[in-house]
Amino acid sequence: MIAFLNGNLLEIQDDGIIVDVHGVGYLVRVPLSMVSHLPPKGQPVRLYTHLIWREDGPALFGFSSRVELETFRSLLNVAGVGPRAALAILSTVTPGTLRRAVVEENENILTAVPGIGKKTARRIILELKDKLADMVFEADGTDDTGETGTPGNEGEAVAALVALGYAQMEARRAVRQVRQQAASGSTEELLRSALQWLGRQKNA
């Protein structure tokens with residue numbers, strides 16, 4: 001079992017990130033919400049990991065905190081929730097928001113996740129209510145009710161980049177890189193700055 005990885009961020013791909021650990025590149029599937037918090041390429045990154053063996057080979061999933069990792073593992077224990085669905089949930093909501101949804105039996109938060117219907121939402125609430133209620137959550141950059149993701153103009157800029165053919169993970173990272181430079185913070189300025197940044201990365 002691979003408990004964690006310490007290495008340098010090598011590449012961001014559609015299906016995850018590649019981490020260089022002493023010359024070995026690990027493809028790690030991560031929540032989309034993590035991409036905006038990743039360091040620049042070549043910089044150190046630490047991931048808490050979970051390894052799953054599938055028919056087509058092993059798949060490694062990575063998270064920025066132990067709480068995210070344990071939440072992912074808890075979701076995998078729910079009947080009918082596989083790695084893809086569990087990752088989609090953590091790409092959409094924080095562990096704290098998931099806990100609130102489960103404890104308060106709020107199906108709407110769960111059904112807002114792509115691919116999660118009412119039946120699955122009810123099953124998650126039923127099977128995880130006691131477990132998540134007792135879990136201690138770390139500060140994750142939002143309050144206990146906050147969701148991850150890119151709000152307002154940033155979200156529109158990301159959507160525009162995706163429409164232009166960029167991968168969502170790449171688009172989110174580009175917008176994050178330039179949001180401090182965009183004085184007005186308008187969608188147009190964010191998009192223009194992000195395209196310039198992506199162009200520089202391509203030519204680097």
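Good morning. What I present is a predicted model, in which local features need pLDDT of at least 70, side-chain atom pairs count only at pLDDT 80 or more, and totals for chains, interfaces and linings use all residues. Residues are numbered from 1 along each chain as its sequence is written, and side-chain values use heavy atoms, with hydrogens and water left out.

A word on terms. Helices (H or I, at least four residues) and strands (E, at least two) are DSSP runs, numbered from the N terminus. Two strands are said to pair if DSSP finds at least two bridges between them.

Let me turn to the sheet. Strands of a sheet pair through backbone hydrogen bonds, either parallel or antiparallel. In this model, five strands close into a barrel, in the order S1-S2-S3-S5-S4, and the pairing is mixed. Neighbouring strands of this sheet are turned by 55° against each other on average, direction ignored; axes here are lines fitted to C-alpha atoms, for helices over the stretch in contact, and angles run from 0 to 180 degrees between N-to-C directions.

S1 and S2 run antiparallel and are joined by five bridges, with two residues between them in a hairpin. S2, residues 16-21, pairs in turn with S3 in the antiparallel sense, again over five bridges. Ile17, which I named at the outset, stands opposite Val28 in S3, while Asp20 has Gly25 of S3 as its bridge partner. The hairpin of S2 and S3 also has two residues between the strands, and His22 there takes a positive phi near 55°. Of the six residues of S2, five are buried, that is, under 20% relative accessible area, where exposed means over 50% and partly exposed lies in between (1.4 Å probe, protein chains only).

Which strand does S3 pair with in the parallel sense? That strand is S5, and the pairing spans two bridges. Val28 stands opposite Leu60 in S5. S5, residues 57-63, is mostly covered, with six of its seven residues buried. On S4, residues 44-54, the arrangement is antiparallel, with seven bridges to S5. Tyr48 has Phe63 in S5 as its bridge partner, and a hairpin through two residues joins S4 to S5.

I now come to the helices. H2 lies across S4 and S5, running at about 15° to S4. Helix H8, residues 168-178, lies across S1 and S2, at about 100° to S1. Contact means heavy atoms within 4.5 Å.

How do H2 and H3 pack, and at what angle? Helix H2, residues 66-76, and helix H3, residues 83-92, have their axes 9 Å apart and pack at about 135°. They are therefore oblique to each other, since angles under 35 degrees count as roughly parallel, over 145 as roughly antiparallel, 65 to 115 as roughly perpendicular and the rest as oblique. On the H2 side, Glu68, Thr71, Phe72, Leu75 and Leu76 meet Pro83, Ala86, Leu87, Ile89 and Leu90 of H3.

To close, I return to the barrel: its strand order is S1-S2-S3-S5-S4. Thank you.
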